[in-house]
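Welcome! Below are a few exercises with worked solutions, to be read alongside the sequence and the 3D view. Take your time and try each task before you read on.

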Amino acid sequence: MNDNSALYAAMLSTLPNPGLGLGLRSKHFNYILENNPAVDWFEVISENFMDSGGRPRQVLKQIAERYPIVMHGVSLSIGSTDPLNMDYLGKLKALADEVKPLWISDHLCWTGVNSLNTHDLLPVLLNEESLRHICKRINQVQDYLQRPVMFENPSTYLTFKQSTILEWDFLRYMTEETGCGLLLDVNNVFVSSFNNDFDPILYIHQLPHDRIVQMHIAGHQHCGDYIIDTHDRNVVQEVWRLFSLAWKMTGGVATLLEWDSNIPDFETYHAELLKAKQYMNNVAAIGSSAEWPWYSEPAVSNPVDFLVSSVNW
Ligand SMILES: [Fe+2]
């Protein structure tokens, strides 16, 4: 634990809950500027604006004057063995100085190695060594940005035989050690639970709820034997049910609907987001594990004798 971890953890509890947000997409720029729709806040993909000095950046400036903004990144690559990309972090900080986001987030993943970027959010090995490695890098990033960063649980399509820590425990140890926050993507929990055969309800129960600052919901493509996290359609009922559970466990935090391809017109996108209101404070919608047909015991047994304090940091 570094000197600032407790400070970052304390900062998490001071962050506001701006309500229900949408992703800011260029397709909707004109509509938003002309109509000032009643959306609570917008999330921007940081990389879409970091290298842009043209119209997108100008539009973002204007929208940031009217709405709260959150910056969501896809290239931090916190799990990589490459050194942290200080050029990237410099641009991220410059954008944050300009936009003044409520917070900055990225993913528990790695995106490349040897300076190659796959542009994919790749799963990390979950063991003590990777936990130590990732926490050290989170400390560096947070100290550089002078704020806690939120990390999102990834959607995954495989797990590693060498993993010894369950994902929800890994996330908890991360936040305990560094003071970072969590972005709970409820759709990712659903996608990963189907692909990797674990109980999504148990997953959400086991997370440190007081460290969850934001949620994502999204649509996905069901391919029979597996699910792809496509963000290209409406949210399915099971994900809404998990959202109800996550809402109850967290006490309700800022929630954003992701929609990244086949993006509909703004009003359709907004209407899908507003369905979330039906699932807030709706305990009846949650159901039980027995109703989840693929549920079985987790593939990795819960390492009850693993204590974060026993890790040789
Ligand atoms: Fe997400």
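This is a predicted model: local features need pLDDT of at least 70, side-chain atom pairs count only at pLDDT 80 or more; totals for chains, interfaces and linings use all residues.

## Exercise 1: a leucine and its surroundings

Find the residues that L60 touches, leaving out those up to four places away in sequence.

Solution. 
- Step 1. Residues are numbered from 1 along each chain as its sequence is written, and side-chain values use heavy atoms, with hydrogens and water left out.
- Step 2. L60 belongs to helix α4; helices (H or I, at least four residues) and strands (E, at least two) are DSSP runs, numbered from the N terminus.
- Step 3. With 1% relative accessibility, L60 counts as buried. Buried means under 20% relative accessible area, exposed over 50%, and partly exposed in between (1.4 Å probe, protein chains only).

## Exercise 2: the core

Which residues have the most contacts inside the largest nonpolar core?

Solution. 
- Step 1. A nonpolar core is a set of buried Ala, Val, Leu, Ile, Met, Phe, Trp, Tyr and Cys residues joined through side-chain atoms within 4.5 Å.
- Step 2. The largest one has 82 residues, and L24, F42, I63, M174, V186 and F243 have the most contacts inside it.
- Step 3. Helix α10 (residues 237–250) gives this core its largest share, 7 residues.
- Step 4. Another core, of 9 residues, lies apart from it and includes M150, L183, A254 and L256.
- Step 5. Look at L24 too: leaving aside neighbours within four places in sequence, its contacts are F29, I32, F42, E43, V44, F49, L60 and I63.
- Step 6. As background, nonpolar side chains tend to be buried together in soluble globular proteins.

## Exercise 3: aromatic rings

How are the rings of F42 and Y67 arranged?

Solution. 
- Step 1. Rings of Phe, Tyr and Trp (its six-membered ring) pair if their centres lie within 6.5 Å; planes under 30 degrees apart count as stacked, over 60 as edge-to-face and the rest as tilted.
- Step 2. By this rule there are 11 aromatic pairs.
- Step 3. F42 and Y67 have ring centres 4.9 Å apart and planes at 80°, so this pair is edge-to-face.
- Step 4. F42 is in strand β2 (residues 41–45) and Y67 in the loop between α4 (55–66) and β3 (69–72), so the pair ties together parts 25 residues apart in sequence.
- Step 5. F42 also pairs with F266, this time tilted, at 6.4 Å centre to centre and 55° between the planes. Because F266 lies in helix α11 (residues 266–274) and F42 in strand β2, this pair ties together parts 224 residues apart in sequence.
- Step 6. F42 is buried, with a relative accessible area of 0%, and F266 is buried at 4%.
- Step 7. Y31, F42, Y67 and F266 form one aromatic cluster.

## Exercise 4: the iron ion

Which residues are the protein donors of the iron ion?

Solution. 
- Step 1. Donors are N, O and S atoms within 2.8 Å of the metal (3.2 Å for Na, K and Ca); water is not among the atoms, so sites may look incomplete.
- Step 2. The protein donors are E152 (OE), D185 (OD), H216 (ND1) and E258 (OE), lying 2.1 to 2.3 Å from the iron ion.
- Step 3. Their spacing in sequence is E-x32-D-x30-H-x41-E.
- Step 4. E152 in strand β5 (residues 149–152) and E258 in strand β10 (residues 254–258) are 106 residues apart, so this pair links distant parts of the chain.
- Step 5. Both E152 and E258 are buried.

Notes: Contact means heavy atoms within 4.5 Å.
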